[in-house]
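Please keep the viewer open while reading.

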Amino acid sequence: MAAMMHDDPKKRANDPHKTVDDTTRKVKIIEWHEMDMRRFLVGNCCLSLFVRGSVYPSMLVKTRLQVQKGTSLYSGTWDAFKKILRYEGVRGFYKGFFVSIFGIVGEQSYFVAYELTRRTCRNFNNTMRSSIAGGSASLVSLTIRVPLDVMTRRLMLLGQTADGTATVRKVGFQDMVSIMREIHIRHGLGGFYRGYFASLMTNVPNSALFWPFYHFYTERIANILNSTIGVLPPMIVLQACTAPVAACSSAVLTNPMDTIRTRLQVTGERSIPAAFSQLIKEEGARGLTKGLTARFLSTIPNSFVMIIGYETIKKFSKREET
């Protein structure tokens, strides 16, 4: 949790956990060594489940838009939402969600890796620490999450027909088993990591960009408000406003690779260059922006809820000073 700094400079000078820019920031960041890990992990599990449930419909729409050729099924984001609701009902927005829930393990590894890497890199400035920690955390998390993502994205597409309609049926455990068998028969164990390197090329930069953007926007706006009106809003409000801006900034820069990754995982393209060439051939340069609106619809609430929850949990987990 970030808060206004009221530290004693002499005390911080003797603190072995002090970072190089702690004394220059308007906004203090609660670090790993200041938190109770049990509270931190339990709180993050609850947060991850809530966030996944909130943004899953937008993720499903984004996946379907990125996989379709041209506008063969849906003319755009809103058309996809309307058709899914009409032909599949609310339940249609949560196809594959039960598999996605297991990804919470990967998300916990993300936050733990992020905090530990920040601690390891405490001699760097905050921008470098945030970028290195964000990228490293994404690498660790993806190694766990990619097999689940591959199955989840396949489940998201079940029941589609050529006109964008779909059969109304439940997606259950047998569907997951069938998809696992199909992937293993066609591609072996490597099939569960289809798109892994493309995922790294999407999510590692996205994470490495998000955290520096987030801390930069938060600190910059805090400085502006402090110098102009001399008053800061509650810090959680400031953070809730800057997180979606940071998320959109990183999403714009990484969306082309996100589209390539989705195609690799779902359509069976053999390589990143092949998927890129096929996309450009079919869609032109505009194909690189496919699903960006749906991604914003997922990214904005995701980052908003994630940061509010994450910063609140860090504050709740902070040990009392002795």
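A cavity, as the word is used here, is a set of grid points where a 1.4 Å probe fits but cannot get out. The model is predicted, and the structure holds four cavities of 30 Å³ or more by that definition. The largest cavity contains about 1,000 Å³ of space. Its lining is made up of 39 residues, and those nearest the centre are E107, R145, N203, N206 and N302.

Which helices each supply at least two residues of that lining? They are α2 (37-67), α5 (104-120), α6 (126-156), α8, α9 (235-267) and α11 (292-317). Helix α6 gives the largest share, with nine residues.

A pocket, in contrast to a cavity, is an open set of points. The second largest pocket has about 300 Å³ of space. It is lined by 17 residues, and T71, S75, R286, K290 and G291 are the closest to its centre. Here the largest share of the lining, three residues, comes from α11. Helix α11 is also among the helices that supply at least two residues to the lining of the largest cavity.

The fold as a whole comes next. The chain has eleven helices and two strands. Along the sequence they follow the pattern β-α-β-α-α-α-α-α-α-α-α-α-α. Of the contacts in the chain with a separation of 6 or more, 80% are between residues 24 or more positions apart. The chain has 322 residues, and 52% of them count as buried. Its accessible surface is about 15,600 Å², and carbon and sulfur atoms account for 63% of that area.

After α8 comes G230, with a positive phi near 70 degrees.

K62 is found in helix α2, and its relative accessibility is 7%, so K62 counts as buried. Leaving out residues up to four places away in sequence, K62 touches R153, D258, R261, T262, G291, A294 and R295. One of these, G291, is also among the residues closest to the centre of the second largest pocket. K83 sits in helix α3 (residues 77-88). Is K83 buried or exposed? K83 is buried because its relative accessible area, 18%, falls under the 20% cut-off. K83 and L73 are ten residues apart in sequence, and their C-alpha atoms are 9.3 Å apart in space.

The cysteines are the last topic. A search of the whole structure finds zero disulfides. C45 is in no disulfide, and the nearest cysteine sulfur, in C46, is 6.8 Å away. C45 is partly exposed, with a relative accessible area of 34%, while C46 is exposed, at 54%.

Definitions and conventions: Residues are numbered from 1 along each chain as its sequence is written. This is a predicted model: local features need pLDDT of at least 70, side-chain atom pairs count only at pLDDT 80 or more; totals for chains, interfaces and linings use all residues. Side-chain values use heavy atoms; hydrogens and water are left out. Helices (H or I, at least four residues) and strands (E, at least two) are DSSP runs, numbered from the N terminus. Buried means under 20% relative accessible area, exposed over 50%, partly exposed in between (1.4 Å probe, protein chains only). Contact means heavy atoms within 4.5 Å. Accessible areas come from the Shrake-Rupley method with a 1.4 Å probe; for residues, only the protein chains shown count as cover. A disulfide is a pair of cysteine sulfur atoms within 2.5 Å. On a 1 Å grid over the protein atoms alone, a cavity is a set of points where a 1.4 Å probe fits but cannot get out, and a pocket is an open set with protein on both sides within 12 Å along at least five of seven lines; lining residues have an atom within 4 Å of a point. Grid points are joined across faces, edges and corners, and a volume is the space filled by probe spheres set on the points.
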